[in-house]
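Trainee: I am new to this structure and would like to go through the words used for it. Could we take them one at a time?

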Amino acid sequence: MKNYDVIVVGGSYAGMAAALQLVRARRSVLVIDAGKRRNRAASRSHGFLSQDGADPAVIASTARAQLEAYPTLSWVDDLVVKASGSRDAFTVEQAGGEVYGARRLLLATGVSDTLPNVNGLAERWGTSVFHCPYCHGYELDQGQIGVIAASSVSVHQAQLLPEWGSVTFLTNGVMKLDESTLQDLSARGVTVEATGIDRIEGHADVVLTDGRGLGFAGLFTAPKNAPSTSVAENLGCVLVETPMGTQIQTSETKETDIAGVFACGDVARVPHSVSLAVADGAWAGAQIHRSLVWRSS
């Protein structure tokens, strides 16, 4: 069994940002990644300084190439199915059966999105249906924007999105708005549509159950998130509920309640974006390195 200073479970933006700090400290790092970036359906990434408008796949491939220039970096394209052990003595098993050892683990697995059960929505996720206005709002060119209710977070979206266009809040039977909320939305120029949604078709055209059609430049919704694998749960890491779903609980140093196990990126913080994931990963990588230097910490 080959041993490393750190195994990073998940090689998207947060995981790679953490790995970069560690290999630059000449630590041995193994990244194991299943190749399922959360934003793989998006053709452009926005709001990330120096990469605004770039293809997120290109950002990821460039980052990997830069990492692989460091001799202490190893990479395996596979899914981690099991992790166990304790500080300084962890083992990780990949789907292909190989087992690796590490002194520290970093969980950067990302999250899965549970979307509203609306016909045609999942097929448009990341292309004309979004969750983050800072990532996708500007490109809608102040056009018609629809917000599809999914949870209490949807009200927040409907209140915020008039900054980017004319907003219709489609409650779709998910929630009944109180008078105070209705007044607030009206004051912001938001139209509330209570009729249910039958389907989404075309680019972002909503067909209501009464047959009416509403055309939009783009749609927003608030999916429920959960860690994309059960590795953290099986390790015994504490999971916490947020308005956006379930995430791994970490300290300010990004360490979980399991000594030697750290977590970063979308699986360990809200809100979510590429730039925030990179920052979180860079911080986690530095903190893991410090834990290797000061072993009592």
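Mentor: Start with the lining of a pocket: a residue belongs to it if it has an atom within 4 Å of a point of the pocket. Keep in mind that this is a predicted model. The largest pocket has 46 lining residues, and Lys36, Arg37, Arg38, Asn39 and Asp266 are those nearest its centre. Its volume is about 940 Å³. Among the elements that give two or more residues to this lining are α1 (13–23), β2 (29–33) and α7 (274–293).

Trainee: What makes the lining of the largest pocket charged, polar or nonpolar, by class?

Mentor: Lys and Arg count as charged, and so does Asp, whereas Gly is among the polar residues. By that count the lining of the largest pocket has 9 charged, 19 polar and 18 nonpolar residues.

Trainee: What does the second largest pocket look like by class?

Mentor: Its lining has 12 nonpolar, 9 polar and 1 charged residues. The volume of the second largest pocket is about 400 Å³, and 22 residues line it. Nearest its centre are His131, Cys132, Pro133, Met244 and Pro271. The largest contribution to this lining, 4 residues, comes from α4.

Trainee: Which residues of α4 are buried?

Mentor: Val153, Ser154, Val155, Gln157 and Ala158. They pack against β9, β10, α5 and β15 (218–221).

Trainee: Pro271 was named at the second largest pocket. What is the peptide bond between Val270 and Pro271, cis or trans?

Mentor: It is cis, with omega at about -5°. Most peptide bonds are trans. Pro271 itself is in the loop between β19 and α7.

Trainee: Why is Gln142 called exposed?

Mentor: The cut-off for exposed is over 50% relative accessible area. Gln142 has 64%, so it is exposed. Gln142 is in the loop between α3 and β9 (144–148), and its phi is positive, near 60°.

Trainee: And why does Asn172 count as buried?

Mentor: Buried means under 20%. Asn172 has 18% relative accessibility, therefore it counts as buried. Asn172 also has a positive phi, near 50°, and its place is the loop between β10 (166–170) and α5 (179–187). Most residues other than glycine have a negative phi.

Trainee: How do you know that Glu255 has no salt bridge?

Mentor: A salt bridge needs a side-chain nitrogen of Lys or Arg within 4 Å of a carboxyl oxygen of Asp or Glu. For Glu255 the nearest side chain of opposite charge is Arg87, at 4.3 Å. That is beyond the 4 Å cut-off, so no salt bridge is counted.

Trainee: What makes a space a cavity and not a pocket?

Mentor: In a cavity a 1.4 Å probe fits but cannot get out, whereas a pocket is open. The structure has 2 cavities of 30 Å³ or more. The largest cavity holds about 40 Å³, and β18 gives the most to its lining, with 3 residues. The second largest cavity has about 30 Å³, and its lining has 6 nonpolar, 2 polar and no charged residues.

Definitions and conventions: Residues are numbered from 1 along each chain as its sequence is written. This is a predicted model: local features need pLDDT of at least 70, side-chain atom pairs count only at pLDDT 80 or more; totals for chains, interfaces and linings use all residues. Side-chain values use heavy atoms; hydrogens and water are left out. Buried means under 20% relative accessible area, exposed over 50%, partly exposed in between (1.4 Å probe, protein chains only). Lys and Arg count as positive and Asp and Glu as negative; His and the chain ends are not counted. On a 1 Å grid over the protein atoms alone, a cavity is a set of points where a 1.4 Å probe fits but cannot get out, and a pocket is an open set with protein on both sides within 12 Å along at least five of seven lines; lining residues have an atom within 4 Å of a point. Grid points are joined across faces, edges and corners, and a volume is the space filled by probe spheres set on the points. Contact means heavy atoms within 4.5 Å.
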